[in-house]
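Biologist: I am new to this structure. Please show it to me, and then let us go through it step by step.

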Amino acid sequence: MADKMIAIMKSKPAYGAELVEVDVPKPKEGEVLIKVLATSICGTDLHIYEWNEWAQSRIKPPQIMGHEVAGEVVEVGPGVEDIQVGDYISAETHIVCGKCYQCRTGNYHVCQNTKIFGVDTDGVFAEYAIVPAQNAWKNPKNIPPEYATLQEPLGNAVDTVLAEPVAGKTVLITGAGPLGLLGITVAKAAGASLVIVSEPSDFRRELARKVGADVVINPFEEDVVKEVRDLTDGNGVDVFLEFSGAPKALEQGLQAVTPAGRVSLLGLFPRDVSIDFNNLIIFKSLTVYGITGRHLWQTWYTVSRLLQSGKLNLDPIITHKYKGFDKFEEAFELMRAGKTGKVVFFPHRK
Ligand SMILES: NC(=O)c1ccc[n+]([C@@H]2O[C@H](COP(=O)([O-])OP(=O)(O)OC[C@H]3O[C@@H](n4cnc5c(N)ncnc54)[C@H](O)[C@@H]3O)[C@@H](O)[C@H]2O)c1
Ligand SMILES: C[C@@H](O)[C@H](N)C(=O)O
Ligand SMILES: [Zn+2]
Ligand SMILES: [Zn+2]
């Protein structure tokens, strides 16, 4: 095995990142070293690349970026018992303490001491990467790396869509970025009867259609609430799934969901939002879920089984594939411009 590797490094506290050659790391106690077979860009990586306010407050350069991954274990550190060389793994990104009130009551996804892999630690935009063994998820060998790397964001989408069953239900999804697109395919695979998607970008509305949305709406040109009511006999949708982080989309969705309906909120709003709680939530008797991360490990089982079922339509969502990291700047700029679905890198050229 090589002793040097190429990695995308957030090397300075400024816009951008650098391609560097560094030593292949050695796994320490409780860690494994993987050969990265595929890795994908998350919106969080983009924020780190852009060096926005959140990134400035959290990231400590120099640090290898990236957290969505599929890889083969090539070395295990001391004390690792359940993972062997040759295992094919992905990684949960929330490194939890196992000791706090939430962990001890099974709510690991809201651990009070969560550290985020690839945000608070070196990540996976590299030819090789260290993964904490407690965060490794073993993949069946028949799932291709370009799908296996999507399991972490698919977990966000699964928890959003399947907070309650959607079979036979009418669904509104606001926002068809990478997460919303994954939400569409999960909702269709889980038997939603009608999936309506509101998304202002022409490119992403087209992707939404290819992924399986039944109806797409441009919220900047059409009346979302009226369109939804027209499509649902005037009742509104059973389920509203917010994937955009746009305050206007939140308001439209709450108006468009039927009384006693269900709402899941994944999108993160850029500022405090003002909502008519009385009329849009309380008098409508809505059930509202805040969604964060993934339930450990229930969500990973669901995601893995959905992948194995072949029912997810991921190919139209993976709009860009790169062999090696040479064109990483192009990839980040395309993503910034909203001209991508998921972007996947294959760090090793063969
Ligand atoms: N809660 C969590 O654990 C978690 C995890 C991952 C991502 N997120 C959040 O989920 C959201 C989606 O992630 P993403 O990577 O797909 O982001 P993204 O920014 O790529 O996608 C958001 C989409 O919403 C669209 N949009 C903007 N205004 C809209 C409006 N008024 N109505 C409908 N759509 C509108 C945009 O055109 C864009 O395509 C983000 O806010 C992200 O921060 C949350
Ligand atoms: C870290 C963040 O980007 C990740 N997608 C999460 O679910 O928490
Ligand atoms: Zn992420
Ligand atoms: Zn904890």
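Modeller: Two strands pair if DSSP finds at least two bridges between them. Strands (E, at least two residues) and helices (H or I, at least four) are DSSP runs, numbered from the N terminus. This is a predicted model: local features need pLDDT of at least 70, side-chain atom pairs count only at pLDDT 80 or more, and totals for chains, interfaces and linings use all residues. Residues are numbered from 1 along each chain as its sequence is written, while chains are lettered from A and ligands numbered from 1 in the order in which they are written.

Biologist: Which strands stand at the edges of the open sheet?

Modeller: Six strands form the open sheet, with parallel pairing, in the order β13-β12-β11-β14-β15-β16. Each edge strand has a single partner, so one side of it is left without a neighbour in the sheet. The edge strands are β13 (215-217) and β16 (287-290).

Biologist: How many degrees does the twist average from one strand to the next?

Modeller: Axes are lines fitted to C-alpha atoms (for helices, over the stretch in contact), and angles run from 0 to 180 degrees between N-to-C directions. From one strand to the next, the twist averages 20 degrees.

Biologist: Which helix gives the most to the shell around ligand 2?

Modeller: The residues around ligand 2 include C42, T44, E152, P153 and N156. A residue is near a molecule if its C-beta atom, placed from the backbone, lies within 6 Å of it. With three residues in the shell, the top helix is α5 (residues 151-161).

Biologist: Is L162 buried or exposed, or in between?

Modeller: L162 lies in the loop between α5 and β11. A residue is buried if 20 or more other C-beta atoms lie within 10 Å of its own, exposed if 12 or fewer, and partly exposed in between. L162 has 16 such neighbours, so it counts as partly exposed.

Biologist: What distance separates the centres of domain 1 and domain 2?

Modeller: The domain bounds come from an automatic or database domain assignment. It gives domain 1 (4-150 + 317-346) and domain 2 (159-290). Five residues of domain 1 are in contact (C-beta atoms, placed from the backbone, within 7 Å) with eight residues of domain 2. Taken over C-alpha atoms, the centres are separated by 29 Å.

Key: Contact = placed C-beta atoms within 7 Å.
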